[in-house]
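Me: Please take a close look at how the aromatic rings pair up in this structure. Start from the chain as a whole, then go on to what surrounds the rings.

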Amino acid sequence: MRKRYQAPAIASSEITSESTYLKRRELIKAAGLAALPAFAGSALAGEKDTGGLPLDYKAAVEAGPAGFYTSEPQTPMADVKDYCNFYEFGMDKGDPARNAHEMTTDPWSISVSGAVNKPGKLNLEDILSGFDLEERIYRFRCVEAWSMVVPWVGFPLSALLERFEPTNNARFIEFRTLYRRSEMPGTRSFTSIIDWPYREGLRMDEAMHPLTLMSVGMYGKTLANQNGAPIRLVVPWKYGFKSIKSIVEIKVSERQPATSWEGLNPREYGFYSNVNPEVDHPRWSQKFERRLPSTLFKPNRIPTRKFNGYEEQVAGLYEGMDLRKFY
Ligand SMILES: Nc1nc2c(c(=O)[nH]1)N[C@H]1C(S)=C(S)[C@@H](COP(=O)(O)O)O[C@H]1N2
Ligand SMILES: [Mo]
């Protein structure tokens, strides 16, 4: 097993203003990562990081907490990395891989506000210095019925939220993606359908659930921009659009936040969006999924499982709720 991140004295949100900004390069050294020659070169040339740097993390093990690991075959990285939804870079599945290199991800920070005792802004280096990174092998299921099995690297969202001390009024979390028109051709396009910035939300108990992951990598490497670099959410029992990419803002609130997809079409995209073969999308069935790689001749069609197979872990969150009504 590889060495884990060392947790130095935690840079709490209180002292954020004084904390000095570490260059990404220094983090790589500080964390004992093997800096790739290619990275050193591109950093010097001022080029943009598009992922693929080796990460230090605790590998996923079958004996780990239930749900953190699946023995289903992992989807080849090539099929995951470049088949994307990231509308900021265009609506075609191949657009993000073509355009997302335009996004600058260093420096990066996340601000946390609202119903917390310690609101503040943490830069990515400070966020990462507080955690050991772990790998989890999750099923990922898009509302459009494709699915994959991905080894994500990250840390539980709950651990990040706890550093800001949510108050008793905290009932929901809103997330926002970076909105930088100059680097995001999809946001400048007249065919753009989203009300930017991309926004998503979770109920507090969903956000604090141990399966809810803040991911900074996949397949042992830092995220490529098109996959949501440098930091994104992964909520494995919900449809893919809940897993918001390239997060810069978190708001803790008493009220259920408005989300981008709900704003666009509330009938098709509900707030909960739990994977559920019994509740169809208004325009198509959700009973089956196409496990990537899927082709016309070999569609690799498999039945969809309730809560994407995480029923045992999460069904309790929704006890007594009518999942047809709260879709
Ligand atoms: N900011 C942002 N996050 C986003 C999206 C998006 O368009 N913008 N698309 C969502 C959708 S619909 C899906 S299915 C997943 C896809 O993640 P992947 O490309 O890493 O598979 O990202 C989600 N997160
Ligand atoms: Mo999606």
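Reply: Of the chain's 327 residues, 54% count as buried. Buried means under 20% relative accessible area, exposed means over 50%, and partly exposed lies in between (1.4 Å probe, protein chains only). This is a predicted model, where local features need pLDDT of at least 70 and side-chain atom pairs count only at pLDDT 80 or more, while totals for chains, interfaces and linings use all residues. Residues are numbered from 1 along each chain as its sequence is written, chains are lettered from A and ligands numbered from 1 in the order in which they are written, and side-chain values use heavy atoms, with hydrogens and water left out.

The chain has ten helices and twelve strands. These are DSSP runs, numbered from the N terminus: helices are H or I with at least four residues, strands are E with at least two. Contact means heavy atoms within 4.5 Å. Take contacts between residues at least 6 apart in sequence: 73% of them join residues at least 24 apart.

Now the rings. Rings of Phe, Tyr and Trp (its six-membered ring) pair if their centres lie within 6.5 Å; planes under 30 degrees apart count as stacked, over 60 as edge-to-face and the rest as tilted. That rule gives 14 aromatic pairs. Phe172 and Phe271 form an edge-to-face pair, because their ring centres are 5.8 Å apart and their planes stand at 80 degrees. This pair links distant parts of the chain. Phe172 belongs to strand β5 (residues 172–177), while Phe271 lies in the loop between α9 (260–264) and β11 (288–291). The two are 99 residues apart. Both Phe172 and Phe271 are buried.

Phe271 has a relative accessible area of 3%, so it is buried. Tyr272, at 7% relative accessibility, also counts as buried. Which cluster do ring pairs build here? They link Phe172, Phe271, Tyr272, Phe307, Tyr318 and Phe326.

Stay in the loop between α9 and β11. Ser273 lies there. Its phi is near 50 degrees, a positive value in a residue other than glycine. Most residues other than glycine have a negative phi, and most peptide bonds are trans. Ser273 is buried, at 5% relative accessible area. Glu268 has its place in the loop between α9 and β11. With a relative accessibility of 14%, Glu268 counts as buried. Its side chain makes a polar contact of 2.7 Å with the side chain of Arg283. A polar contact is a pair of N or O atoms within 3.5 Å; within protein, one must be able to donate a hydrogen and the other to accept it, and residues adjacent in sequence count only if both atoms are side-chain atoms. A further polar contact, of 3.3 Å, joins the side chains of Glu268 and His281. Leave out residues up to four places away in sequence, and Glu268 touches His281, Pro282 and Arg283.

Glu254 sits in the loop between β10 (247–253) and α9.

Some rings have a charge over them. The test is that NZ of Lys or CZ of Arg is within 6 Å of the ring centre and within 35 degrees of the ring normal. Arg136 lies over the face of Phe68, 3.6 Å from the ring centre. Over the ring of Tyr310 sits the charged end of Arg139, 5.0 Å from the centre.

Last, the ligand. Around ligand 1 there are 18 residues, and Tyr87, Glu88, Thr177, Arg232 and Lys245 come nearest. To be near, a residue needs one heavy atom within 4 Å. A polar side-chain atom of Thr177 is 2.9 Å from a nitrogen atom of ligand 1. For Lys245, a polar side-chain atom is 2.6 Å from an oxygen atom of ligand 1.
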